[in-house]
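Keep the structure in view while you read.

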Amino acid sequence: MISIDSKKLSGPCRCGHNHKMFTRLVRIESGCLQRFDEWMNQAGLTGKRAAVYDENTYAAKGLRRPAAQQEIVLPPKNLHANERATGMVLAQLEEDVKVLIAVGSGTIHDTIRYCAKERGIPFISCPTAASVDGFCSTVSAMTWEGFKKTMPGVAPVMVLADTEVIRQAPLHLALSGVGDILGKYTALLDWNIAHLLTDEFICPVIEDMTRQAVVAVHDSCHQVAKHDPEAFERLTYGLLLSGLAMQMMGNSRPASGAEHHISHFIEMEPESLPLHTMALHGEKVGVGTAIAAGVYHKLAEAEDIRPLLHACVPASDAFFSQIFGVRLQPSVSKENQDDCMTGLSPEKVTECWPAIRKLIQELPTQEELEKLFREIGAKSTLEELNLDPSVLPQLLDYSPFVRNRLTLMRVRRMIGSMR
Ligand SMILES: [Zn+2]
Ligand SMILES: [Zn+2]
């Protein structure tokens, strides 16, 4: 059993910021859903409740369904966190509902946190699979009108993670969660690099929480593959801790860097490339992490980066149109309007290069990550995601444009023959 009294994470921090934490309590325990009412009373949450599921979760064996006056069960076919799913929930949701309960995986959570924000009511998170780290997030990771973006949402006031339910979910969901967390290796590296290059804000407490999440999951992932109950508790803890770190930050910076951009780029299925896979978010993130680690270690081989550097040329609408297609171009152009690379000079990159190389040395190598994924039975390469490995160069060049956030992958535009 693990309990996180997240109220304590709210307030003044040694980084100088006043972090806001909406989640008051996180309980990770086998069977905790059986005491749902008790936890609701303890949290002082009263009023009419609506619980939202997809049909598969609703019918899952071993799931103790929280008592709620309204139950909304969504058809799982083509269910994604998008305008269609939120529309279905909001259309059914009774006027006088005071508390929403999300029972399910990431998609249900992202849908519900958006609806809770729309209605101005709190929601309780009951994850049923250890598949993503977004349960405690304040923003909804959605595909809105085809474009992968974060939408306004609210964080759950309470998380009740029943590890016995989570352990019974298909194993590939948990392995996807492992991939999502190991992605923090490159995400944290990118954050530190951005801090060096552009003085972007970084909080040591939030960084440390995210690192703890990586350690917890890295140390237990072999046991997760063996269905070990304690390892599932550690994995769930890692996922929730990473989510709380994002919540403290107010955005996904601690948890999402080049590896997530690779994953999002694949999900967007840009017109110029044959990218279509049924792989899960964390599977794509895991592979993206290994790929990014390979690129970063390769870059770090250059002791002197100066001769390879040139000023960064902003990408044009025509370029975005060509890569993403006319459907996605307006959103991509808008996202990249104030390019985070503006003002970053080759001199600055040269100055920071020794420190960047040092950071990269601490990153696991592509080979180490791929080996680990293979050992636990997770997807480790583009081929295993059912993607053509020949798309790799384009994946590296274009994926940073899905998010206007400084990563070393984006800085590559200034290195060698990169755009
Ligand atoms: Zn802080
Ligand atoms: Zn993720």
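The axes are lines fitted to C-alpha atoms, for helices over the stretch in contact, and the angles run from 0 to 180 degrees between N-to-C directions. Helices (H or I, at least four residues) and strands (E, at least two) are DSSP runs, numbered from the N terminus.

The model is predicted: local features need pLDDT of at least 70, side-chain atom pairs count only at pLDDT 80 or more, and totals for chains, interfaces and linings use all residues. Residues are numbered from 1 along each chain as its sequence is written, chains are lettered from A and ligands numbered from 1 in the order in which they are written, and side-chain values use heavy atoms, with hydrogens and water left out.

Start with helix 7 (residues 184-198) and helix 14 (residues 346-361). Their axes come within 10 Å and cross at roughly 155 degrees. Helix 7 and helix 14 are therefore roughly antiparallel. Their crossing is right-handed. Contact means heavy atoms within 4.5 Å. On the helix 7 side, Leu189, Asn192, Ile193, Leu196 and Leu197 take part. They meet Lys348, Val349, Cys352, Ala355, Ile356, Leu359 and Ile360 of helix 14.

Helix 14 also meets helix 11 (residues 281-300). The axes of helix 11 and helix 14 come within 9 Å and cross at roughly 135 degrees. That angle makes helix 11 oblique to helix 14. This crossing is left-handed. Tyr296, His297, Leu299 and Ala300 of helix 11 meet Trp353, Arg357, Ile360 and Gln361 of helix 14.

Buried means under 20% relative accessible area, exposed over 50%, and partly exposed in between (1.4 Å probe, protein chains only). Leu363 counts as buried, at 6% relative accessibility. Residues up to four places away in sequence aside, Leu363 touches Tyr185, Thr186, Leu189, Ala293, Tyr296 and His297. Leu189 lies 174 residues from Leu363 along the chain, yet their C-alpha atoms are separated by 7.8 Å.

Return to helix 11 for two of its residues. Val295 is found there. Val295 is buried, with a relative accessible area of 15%. Not counting residues up to four places away in sequence, Val295 touches Leu396, Met409 and Arg412. Pro204 is 91 residues from Val295 in sequence and 26 Å from it in space, C-alpha to C-alpha.

Glu283 is also in helix 11. What is the nearest side chain of opposite charge to Glu283? Lys379, 4.1 Å away. Lys and Arg count as positive and Asp and Glu as negative; His and the chain ends are not counted. A salt bridge is a side-chain nitrogen of Lys or Arg within 4 Å of a carboxyl oxygen of Asp or Glu. Glu283 is buried yet has no salt bridge. Leaving aside neighbours within four places in sequence, Glu283 is in contact with His172, Ser176, Lys379 and Leu385.

Elsewhere, charged side chains do pair. The count comes to 23 salt bridges. Lys184 forms one with Asp180, with the closest N and O atoms 3.7 Å apart. Both Lys184 and Asp180 are buried. Arg410 and Asp339 meet in another, at 3.2 Å from N to O. This pair links distant parts of the chain: Arg410 is in helix 17 (residues 408-411), and Asp339 is in the loop between helix 13 (329-335) and helix 14, 71 residues apart. Arg410 and Asp339 are buried too.

Glu375 and Lys371 form a salt bridge at 2.9 Å, N to O. They are four residues apart in helix 15, so about one helical turn separates them. Glu375 counts as partly exposed at 42% relative accessibility. Lys371 counts as partly exposed at 46%. Salt bridges that share partners also join Arg27, Glu29, Arg35 and Glu38 into one network.

Finish at helix 10 (residues 258-268). Here 10 of the 11 residues are buried, so helix 10 is largely enclosed by the rest of the structure. Among the buried residues are His260, His261, Ile262 and Phe265. Just after helix 10, Glu269 takes a positive phi of about 50 degrees.

Key: Parallel < 35°, antiparallel > 145°, perpendicular 65-115°, else oblique. Left-handed = near helix turned anticlockwise from the far one by under 90°.
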